Amino acid sequence: MIANRLRIAIQKKGRLHNESMDLLKQCGLKFRHTANELYCHCENMAVDLLFVRDDDIPTLVTDDVCDVGIVGENVLLEKTNLQALINYKISMPLNYGQCRLSIAVPNDFKFESMQQLAGKRIATSYPNLLKAYLVKQNIDAHILTISGSVEIAPRLQMADAICDLVSTGKTLEDNYLKEVATVFNSQAVLINNENTLDKSKQSILELLKNRMAGVLKAQESKYILFHAPKAALEKIKKLLPGAESPTIMHLENHSDMLAVHAVAKEAEFWNTLEKLKAAGASSILVLPIEKMLL
Ligand code: PRT
Ligand code: ZN
């Protein structure tokens with residue numbers, strides 16, 4: 001491995017590739033990368049990217065081929081035995097690639113409790129996660145491991161149920177299946193091998209993690225600007241979630257009005273706007289925040 005350059009494994013192509021690349025770019029990393037390249041040298045930081053299949057990322061990190069990886073938590077836990085997992089550090093959840101590993105049965109299966117799956121065949125590409133779940137639930141079922149197209153197994157009479165990743169639920173619906181239990185909630189995570197990072201790599205990783213945290217924080221926040229009657233200020237301040245201390249300014253020629261600037265959390269965003277308006281706020285502007293360092 002090149003000394004002092006942090007090597008990051010990311011998915012070569014697939015659901016996590018674009019968002020992983022976007023996140024690294026938003027952290028200020030500059031690289032020129034063509035679709036078929038397996039390796040890419042960052043121009044402005046001591047970082048190299050290795051593009052691989054997501055299934056290989058946990059092993060590449062444990063085996064020290066890469067220092068850091070971005071991978072779905074589902075793959076990490078499925079591919080890693082618990083002993084190896086001790087060597088990993090999940091540095092940060094990255095807030096994309098969200099999905100859940102769920103058990104689903106045919107629509108006409110009269111499902112009432114998980115115990116109905118005892119003795120049944122469940123097809124999955126996640127035998128380890130499924131097995132751990134079934135043991136915990138005290139259900140003795142047959143796990144049928146298949147590597148893809150799990151959703152067609154019940155129609156082919158290969159299985160009575162499936163356990164697969166779900167995000168929108170459309171694949172299940174298209175295959176006449178219904179979700180009956182969530183085994184595991186997943187998202188993309190940043191991992192590194194706890195044992196091996198030397199000091200200089202550790203400091204690059206810390207810098208990167210701080211920048212990632214700044215990007216993620218900004219993604220969930222918006223900057224709001226609006227006018228408000230002075231008399232409504234106290235009420236309005238209580239309506240501003242995520243705003244530690246809003247900035248308040250006087251408006252020229254309107255002695256009874258103020259301008260308020262504040263940061264609001266996106267999840268609560270529409271709700272907040274409607275309440276602000278009802279409390280007397282006007283000329284409301286909402287701006288995206290690119291980065292946020294606290
Ligand atoms: O080639 P490589 O091995 O690298 O890629 P891959 O084909 O194994 O993985 P890929 O690119 O499909 O997924 C990479 C990661 O994205 C997964 O490990 C998850 O962490 C995450 N992810 C998020 C998903 C989904 N959402 C998802 N919906 N991975 C797969 N799916 C599939 C699911 O298996 C099912 O077939 O999408 C279908 C269900 O989607 P909905 O929207 O119809 O519910
Ligand atoms: Zn894969």
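I started with Ser167 and ligand 1. In this predicted model, a backbone N or O atom of Ser167 sits 2.8 Å from an oxygen atom of ligand 1.

Next I looked up side chains. For Gln11, I found a side-chain N or O atom 2.9 Å from an oxygen atom of ligand 1. For Asp54, I again read 2.9 Å, between a side-chain N or O atom and an oxygen atom of ligand 1.

I then checked burial. Ligand 1 exposes 850 Å² when taken alone. The protein buries 78% of that area.

I turned to the elements around it. Helix H3 (73–79), strand S9 (161–166) and helix H6 (170–174) are the elements that each give two or more residues to the shell around ligand 1. Strand S9 supplies the largest share, three residues.

I went through the shell residue by residue. There are 22 residues around ligand 1. I noted Asp55, Asn74, Thr168, Gly169 and Thr171 as the ones that come nearest.

How many residues of each class make up the shell around ligand 1? I have ten polar, seven charged and five nonpolar.

I moved on to the domains. The assignment for the protein chain lists domain 1 (6–96 + 187–218), domain 2 (99–186) and domain 3 (222–288). I note that domain 1 is written as two segments, 6–96 and 187–218.

Which domains give at least three residues each to the shell around ligand 1? I found domain 1 and domain 2, each with at least three.

Last, I looked up a spacing between domains. The centres of domain 1 and domain 3, taken over C-alpha atoms, are 39 Å apart.

Definitions and conventions
Residues numbered from 1 in each chain as written. Chains lettered and ligands numbered in written order. Predicted model: local features only at pLDDT ≥ 70, side-chain atom pairs only at ≥ 80, totals over all residues. Heavy atoms only, no water. Near = heavy atom within 4 Å. Polar contact = N/O pair within 3.5 Å; in protein donor to acceptor, adjacent residues only side chain to side chain. Areas by Shrake-Rupley, 256 points an atom, 1.4 Å probe, with all protein chains shown as cover. Helix = DSSP H or I, 4+ residues; strand = E, 2+ residues; numbered from the N terminus. Nonpolar A, V, L, I, M, F, W, Y, C, P; charged D, E, K, R; others polar. Domains from an automatic or database assignment.
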